[in-house]
Amino acid sequence: MNGTTLVLRALHHGERRLARQLTAVAEHHRAEHEVHHVATDLARWSREHANRLAEAGRVRGHPAEAPEEHPPSPLTALREGAAHALGDRPDPGLLLLWDLRKLHLSASGNSLYWEMLAQAAQAAHDGELLQLASRCHPQTLRQMKWTNTMVKVLSPQVLTTP
Amino acid sequence: MDTSVDRIADPWGGRTPYRRHQPWPARVDTFLEPGTGPESVQRWVQTASILHSDGDAMDIAVRDGRMVGVRGRVSDRVNRGRLGPKDLFAWQANSARDRLTRPLVRRAGRLEETDWDTAMDRIVERSRELLADRGPGSIGFYTSGQLFLEEYYTLAVLARAGIGTGHLDGNTRLCTATAAEALKESFGCDGQPGTYDDIDHADVIALFGHNLPETQPVQWMRVLDRLAGGDPPRLVCVDPRPTAAARRATVHLAPRLGTNVALLNALLHEIIRAGHIDHDYIAAHTVGFEELAREVSSCTPEWAAGICDVPAARIREAAEVLGTADRLLSTVLQGVYQSHQATAAAVQINNLHLLRGMLGRPGAGVLQMNGQPTAQNTRECGANGDLPGFRNWQNDRHVAELAAVWNVEPETIPHHAPPTHAMQMFRFAEQGSIRMLWISGTNPAVSLPELSRIRSVLSQDRLFVVVQDLFLTETARLADVVLPAATWGEKTGTFTNADRTVHLSDKAVEPPGQARPDLDIFLDYAARMDFRDRDGGPLIGWHDPESAFEAWKRCSAGRPCDYTGISYAALRGGSGIQWPCGEDTPEGTPRLYTGGITWARPDDCESYGRDLVTGAATDAVEYRAANPEGKGMLRAAGYLPPHEEPDDRYPFQLTTGRTVYHFHTRTKTGRAPQLDAAAPDVWVEASAADASAADLAEGDVVEVRTPRGALRGRLRITGIRPGLLFVPFHYGYWDTPGGHRPADGTPGRAANETTVTDWDPVSKQPLFKTAAAALTLVERGNGTPSPAPTTTASAPWRAGAAPPTTGGRSALVRQGPAMPWTGPAGGGA
């Protein structure tokens, strides 16, 4: 297994994780209607990315890993992270901000993997892999821009108006 | 041509045919209350219609201090004397017996009459408390599309620089937010590119989700007159209902709800494939062509046919008509704006015109329409979730300019995030961070989606609700303070229609009781709050409509919506004037973008744009890189499936909409006898195939249910698209025992009991045309017909299935040349 395969595998894992996180956030914040609907739409992008990455791994003779064994649900993980940071103040606005921050970090992690993959594809003259990265990476950047915009829009009210 | 016409039975009146490129002939419509002859009218007072966005110019007839009728203004370019049914009859609501005449305050749970000082002091006291304890973010303002320019501007200054809150939006969010956003996305700035005069010159008129005959009936009269004359235009109509426009169309496409982007991408695919694009225009005036061409390259008519359920051949036919037009006029309204992927779809229509170079010439234009009469002013004045004068909240120079106009520090004006949109304000109120909501001239307890949720938000003890209106609306019944407002005809001001035409509306009669103009109420509040500028002077230095207009002119100077060349004197007596109107354009401006795109340069633009799928904001650096020279932007968007799809439990798609006889929540039109009788109650439309499959007949009482709630109405079987149900959204509860909601144990009547809380992430416009629903029989009609009008899109599929909608003698309107008038001049007639 070479480095490119490692990145493929890590990114496949990262996109699947982001898809689950987006779905969980959509579910948990149903009353935040825009977050609910857009997160659901954006989870679709990550699922598509994961499928394409799995296919790319397969044709290169390195099938993607099987799903993790009963990982802690991302919802639980997110909620635990937020609850830890927020002490015992389960304010829905604050929880949403913390969840959006987590989503942003996950998407940024994926974005850097896409960068690595695109660079490796160019160095190795792997046209198909480069095409995959060129097609998917912009959507990851759009996921990051969305979480960033939502944080920007919601922070003033959530953080300064009790 | 001097006849009387029943304008309920015939909403559009008689024809005055004319040829392409000829001026539209005049026809003056006059309606005076029974027993009033023209000789007994003492004054004609100049105004324009306040019941749709057309801006029909009219005069109010006054006798003994009362309104007694109306007539169209023959000299005005918008309507050349014509009036629609609402213009003709709805003025009668001004003198309805149940007008609010005194302020009300809630005491021990009940609304009680009081005086102005008590009511205003209560509002001021709560404002001060909240500012001290919770800050400006705890106060929100939700306004209208029916106040006047001077009122919105005053409200914008007091909210943004006085209170310092970002929470100010209008119900224009429900009607025209997508129009504004689509214009910003394509042209960098709001501002209607086309003009109604383009109807005189176009050889193809395309109506995208726009029921023109019912929303702007006077411009439909213009189209009908072209169709009756020489060299008539071809019509392309995209609408799932059999509207009067669909019946006259060369090509009618009736797609599944929520698939506009797929259909439009296929039309663009075909137009590019066939080479019907203007390469020189694209090179000179646009950016983004390669990306758009790539996005639509796989969007074949066959692909779209599978998604939209429209035959591929019909899509090709439409593309051929659009692609070969010599002068193409497109109009867009709620079928796009209130549907899934609203902005993404509206932008594709701008793309069509950019690709074909169809802008800025007679007959070649886009009309991204408005629903409400003064929605344009809500947008311009910054009362709609934007900054006044189409200024960019992300551009520090624009904010500094605004701060200089207001003589405040730039940081006084919240601009660290986009101004809050209405749906988000209701969410903040639901969560408890907004504690005071001042609602002026609108009725969210009927007009917003998912009414049980809205009622529960407005009913919270911790939320202080102020409602300023003409009547005790459903929303007013939930208020803590109710302020009685004067309306059109009882106050002076200006407003601007969907093609940028500014009209003056003069006061004709006194308001009832202690009712006051909205402007006076806002000025009174600002004075009591003692808002100051940075030199300690009063923040708001004006005191009446004309001085407010002059203040607005200073704010508009140098911006696209430049009013500096307009004055009350210039508007009085003549025709409306289209902005921009300044030093270089003293006569106004019929068409924008005659020589290319003018307001998209990075330093000038109103917005750097948003992602068409996520709504994420673009920043200045990205915008500058993508569009350094400020060209038109061809923006691509892929199709996404709607968020709510039919299933076994909810097998139908459900859409809501309006009828020609009513406006908004019937606050006025329900109190005009002719209009009320024409469409007295809610109904449900279904196709003949669906009715027959469910064994339902005309007039059967049916229930429409979604996961949010249900309503009941009588069934009308029409030529609507199979699989689709339609319910008009006008009907609420003020004229039922429930008052503001369904009475206990009775079924819902309002369409919005069923609608979903979902909005376009780009324009934040709620989506009223995307829900899955179930339809069940409640009770057989046994011959009682549905109350749906037979004259319009709700006409029965089988002729004679219901008695024809008529108005009889009380709806007779005189139609002819200008009425001879030799009495004393007055009121600017």
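Tutor: Happy to. Helices here are DSSP runs of H or I with at least four residues, strands are runs of E with at least two, and both are numbered from the N terminus. Residues are numbered from 1 along each chain as its sequence is written, with chains lettered from A and ligands numbered from 1 in the order in which they are written. The model is predicted, so local features need pLDDT of at least 70 and side-chain atom pairs count only at pLDDT 80 or more, while totals for chains, interfaces and linings use all residues; side-chain values use heavy atoms, with hydrogens and water left out.

Our part is helix 18 of chain B, residues 422-431, and the place to begin is its end: B:Gly432 follows helix 18 and has a positive phi, near 100°. Helix 18 itself is mostly covered, as 8 of its 10 residues are buried (under 20% relative accessible area with a 1.4 Å probe, protein chains only; exposed means over 50%, and partly exposed lies in between). The buried ones are B:Ala422, B:Met423, B:Gln424, B:Met425, B:Phe426, B:Arg427, B:Phe428 and B:Ala429.

What covers these residues? They pack against helix 5 (127-160) of chain A, and, within chain B, against strands 8 (139-143), 9 (168-170) and 16 (436-440) and helices 19 (444-447) and 20 (451-458). Contact here means heavy atoms within 4.5 Å. Of the contacts in chain A between residues at least 6 apart in sequence, 79% join residues at least 24 apart.

Now for the loop that leads into our helix. B:Asn407 sits between helix 17 (396-406) and helix 18 of chain B, and its phi is positive, about 55°, although it is not a glycine. Most residues other than glycine have a negative phi, and most peptide bonds are trans. Another non-glycine with a positive phi is B:Lys764, near 65°, found in the loop between strand 27 (724-728) and strand 28 (771-779) of chain B. B:Lys764 is buried, at 10% relative accessible area. As for peptide bonds, the one joining B:Trp579 and B:Pro580 is cis, with omega about 0°; B:Pro580 lies in the loop between strand 21 (577-578) and helix 24 (620-626) of chain B.

Elsewhere in chain B, B:Gly513 belongs to the loop between strand 20 (501-505) and helix 21. B:Gly513 is exposed, with a relative accessible area of 64%.

The structure holds 0 disulfides over all chains, a disulfide being a pair of cysteine sulfur atoms within 2.5 Å. Take B:Cys189: the closest cysteine sulfur to its own is that of B:Cys561, 7.4 Å away, which is too far for a bond. B:Cys189 is buried, at 0% relative accessibility, and B:Cys561 is also buried, with a relative accessible area of 0%.
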